[in-house]
Amino acid sequence: MAGSDENNPGVIGPENLQGGLLHGGVGKFPTATTGHNRRALSNVNRNNIGAPPYPCAVNKRGLSERNAAICDKNPPIPAHRPITRKFAAQMANMQQQKLEATKNSLLPEDSTTVDVEDYKAAGDVPMFVQHTEAMLEENYCMACEDLFSVEEVEMEDVVEEPVVDIDSCDKKNPLAVVKYIDDLYDFYRKTEASGCVSPSYMLQQFDINERMRGILIDWLIEVHYKFDLMEETLYLTVNLIDRFLAVQPVVRKQLQLVGVTAMLLACKYEEVSVPVVEDLILISDKAYSRKEVLEMEKLMINTLQFNLSVPTPYVFMRRFLKAAQADKKLELLSFFMIELCLVEYEMLKFPPSLLAAAAIYTAHCTLSGSRKWSKTSEWYTNYSEEQLLECTRMMATFHQNAATGKLTGVHRKYCTSKFGHAAKTRPANFLSEVQD
């Protein structure tokens with residue numbers, strides 16, 4: 001630059017600079033040279049490459065602005081939906097390879113020696129480097145847009161039915177004990193086995209059998225209905241009978257006395273107004289005296305070691321019905337299903353929580369005509385649909401045969417208007433044919 005123009009005609013001296021930086025120009029290169037009739041380099045670039053002159057070429061949006069513009073768009077979701085996250089990773093890898101191939105094709109053959117940062121440090125970035133950077137940014141943005149579309153569709157594929165917080169509406173109700181409700185039912189699930197009996201305990205009885213047990217409980221369901229007792233009382237009565245018979249041999253002549261005494265104990269535990277002993281003697285056709293009832297009461301309470309606080313199916317029914325967001329019709333039909341199970345000896349093999357969940361599931365399928373178990377119900381019951389199928393199939397069979405045979409007490413009870421004529425609901429025959 002210090003030499004003369006005659007010795008080095010390719011160098012432009014300050015005296016030949018027109019419109020340059022010293023004279024308020026906007027570019028590094030002059031728009032004309034003194035003594036030579038030739039076009040400026042910016043005009044040559046515009047004609048040959050088709051790109052804007054250098055000052056305009058570098059005045060472009062940053063990559064963050066382009067990404068922001070892409071994020072504002074809503075790219076259409078393809079008709080074929082990706083299946084897995086592995087597919088999205090493969091798509092991203094393909095886009096990266098595409099970017100590398102594009103970069104290599106746009107640079108000149110000797111581009112391996114080109115260092116863009118060196119050009120920028122020297123303040124002299126060639127036009128092909130500027131153009132390449134612009135193309136790479138454009139391709140990168142397009143790749144990001146494709147990848148965002150893949151991830152968006154993939155996320156849509158994994159969206160599942162949400163689990164409803166069934167206690168959110170009761171947070172201000174102190175009687176709902178929302179703060180402790182989950183701990184309570186965790187405790188019930190852990191201790192429900194203590195209230196269960198062996199499903200083969202009748203083998204230890206020498207004078208009674210499971211059919212006699214069914215007749216007794218069917219009769220007690222009618223007594224419970226006539227006395228207008230609380231629902232909890234019935235379930236505790238059946239539990240006390242089974243737990244007592246599982247450890248104490250009883251002759252058939254005293255089996256009804258065991259049932260009456262179990263109901264007396266359950267009433268003392270659950271009811272506010274307890275039926276007097278004379279009423280229970282009267283309902284049993286005066287087959288026993290007051291002394292016999294009190295003696296049996298003493299024997300039973302000592303045999304059970306005064307343990308009357310056990311989780312029965314009713315405890316779980318209330319919670320699970322809330323999870324199912326049940327209306328009155330579903331509630332009554334669910335209780336009809338589970339009371340049918342109380343009479344059946346073979347249902348002792350199922351824990352109370354599973355009986356409650358299966359009764360609600362069976363009732364829901366009966367009313368809707370199709371099999372459906374919501375994510376909320378599965379979450380709060382801890383039972384999947386597959387785990388309920390065996391019990392559900394048996395309940396559906398009991399419903400079909402509820403009006404036949406000799407044990408029809410539950411059917412007659414739920415044919416009344418008080419219980420919404422739930423027993424008249426058409427059975428779900430398709431459930432009895434379901435295979436595990």
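**Figure 1. Salt bridges in the predicted model.** The structure holds 17 salt bridges, and the model in which they are found is a predicted one. One of them pairs Asp167 with Lys322, whose closest N and O atoms are 3.3 Å apart. Because Asp167 sits in the loop between H6 and H7 while Lys322 belongs to helix H13 (residues 313-323), this pair ties together parts that are 155 residues apart in sequence. Asp167 is buried, with a relative accessible area of 7%, whereas Lys322, at 28% relative accessibility, counts as partly exposed.

Figure 2. The side chains of Glu278 and Arg290 meet in a salt bridge, with an N to O distance of 3.0 Å. Distant parts of the chain are linked by this pair, since Glu278 lies in helix H11 (residues 277-283) and Arg290 in helix H12 (residues 290-303), 12 residues apart. Glu278 is partly exposed at a relative accessible area of 42%, and Arg290 is likewise partly exposed, at 41%.

**Figure 3. The largest cavity and its lining.** A search of the whole structure finds one cavity of 30 Å³ or more, and about 270 Å³ of space lies in the largest cavity. Its lining comprises 19 residues, of which Asn239, Asp242, Pro313, Leu348 and Leu355 are the closest to its centre. At least two lining residues are supplied by each of helix H9 (231-245), helix H14 (328-343) and helix H15 (352-368), with H9 giving the most, namely four residues.

**Figure 4. The salt bridge between Asp242 and Arg213.** Asp242 forms a salt bridge with Arg213, in which the closest N and O atoms are 2.7 Å apart. The pair links distant parts of the chain, with Asp242 in helix H9 and Arg213 in helix H8 (residues 210-226), 29 residues apart. Both Asp242 and Arg213 are buried.

Figure 5. Val177, Tyr180 and Leu184 make a nonpolar surface patch of about 250 Å². Leu184 is found in helix H7 (residues 181-191) and counts as partly exposed at 35% relative accessibility, while Val177 is placed in the loop between helix H6 (127-158) and H7 and counts as partly exposed at 31%. Most residues other than glycine have a negative phi. Phi of Val177, however, is positive, near 40°, and that of His421 is positive as well, near 50°. His421 lies in the loop between helix H18 (409-413) and helix H19 (429-432), and is partly exposed, with a relative accessible area of 36%.

Key
Residues numbered from 1 in each chain as written. Predicted model: local features only at pLDDT ≥ 70, side-chain atom pairs only at ≥ 80, totals over all residues. Heavy atoms only, no water. Patch = residues over 30% accessible without salt bridge, like charges linked within 9 Å, V, L, I, M, F, W, Y side chains within 5 Å. Areas by Shrake-Rupley, 256 points an atom, 1.4 Å probe, with all protein chains shown as cover. Salt bridge = Lys/Arg side-chain N within 4 Å of Asp/Glu carboxyl O. Buried < 20%, exposed > 50% of the residue type's maximum accessible area, 1.4 Å probe, protein only. 1 Å grid on protein atoms, 1.4 Å probe; cavity = no way out; pocket = protein on both sides within 12 Å on 5 of 7 lines; lining within 4 Å. Points joined across faces, edges and corners; volume = space filled by probe spheres on them.
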